[in-house]
Amino acid sequence: MAGFFLNLFVDGVFWGRGDTCVTMDWSGTSGGDFHPYEPLPGAGVDYTPRLCAEEPTTWQRVLSVARTAPTTVLLVGGLYLLDRLLRLAVREGVHTRGAAARLRVLGWWLLLGSLVVETAASVAGGLLLGTLTDDEVADAAWAQLWSAPYLAVLTGLGLLTFARIVGASALLRDELDAVV
């Protein structure tokens, strides 16, 4: 965490050589007559444009940070929730209602958080692209920059499912403790 903030403020986006670039992933060729390689017949050449600010303004620097900071918040928050879950599991055991509840919170954090983070990063990237071009298409560029965070969503769904299993085992444990 300290490294992230030092990178931002010491030699990063706000001061120094910070990366204020947007990479567009457009399908097909773009740029008109740009041909870095001569393709064989039946082959085409694509390229991905990367637009960077040579002398970024404060707003461009803020947008650049807004593209990466939400991911860091999601990661640190997820690690915190995982730490709380593991400490509870060590203290009380895995098959408890508390463990199931914390698994559920972690699952929702990953599921919803990853979607929010990806959307925020895409919108910030689209706004940054709008400051780097005069093209009207840049206004809707966030939709092209957005990509589904499949791994985080599937992990969140898996944790929610596992939380239901742990919750059911906690009920069985409670019933067993009541019998014994």
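The protein's secondary structure comprises five helices and two strands, taken as DSSP runs numbered from the N terminus (helices are H or I with at least four residues, strands E with at least two). Along the sequence the pattern reads α-β-β-α-α-α-α. The model is predicted: local features need pLDDT of at least 70 and side-chain atom pairs count only at pLDDT 80 or more, while totals for chains, interfaces and linings use all residues. Residues are numbered from 1 along each chain as its sequence is written, and side-chain values use heavy atoms, with hydrogens and water left out.

Of the 180 residues, 33% are buried; buried means under 20% relative accessible area, exposed over 50%, and partly exposed in between (1.4 Å probe, protein chains only). Taking contacts (heavy atoms within 4.5 Å) between residues at least 6 apart in sequence, 76% join residues at least 24 apart.

Leaving aside neighbours within four places in sequence, Leu106 is in contact with Gly78, Leu81, Leu82, Leu85 and Leu159.

The accessible surface comes to about 11800 Å², with 64% belonging to carbon and sulfur atoms; areas come from the Shrake-Rupley method with a 1.4 Å probe, and for residues only the protein chains shown count as cover. A nonpolar surface patch with about 810 Å² of accessible area together includes Trp59, Trp108, Trp142 and Trp146. Patches are made of residues with over 30% relative accessible area and no salt bridge, with like charges joined within 9 Å and nonpolar side chains (Val, Leu, Ile, Met, Phe, Trp, Tyr) within 5 Å. Helices H2 (58-92) and H3 (97-132) are the elements that give two or more residues to the patch.

Two salt bridges are counted, each a side-chain nitrogen of Lys or Arg within 4 Å of a carboxyl oxygen of Asp or Glu. Arg87 and Asp83 meet in one (2.9 Å, N to O), and both lie in helix H2, four residues apart. Asp174 and Arg97 meet in a salt bridge at 3.2 Å, N to O. Asp174 lies in H5 and Arg97 in H3, so this pair ties together parts 77 residues apart in sequence.
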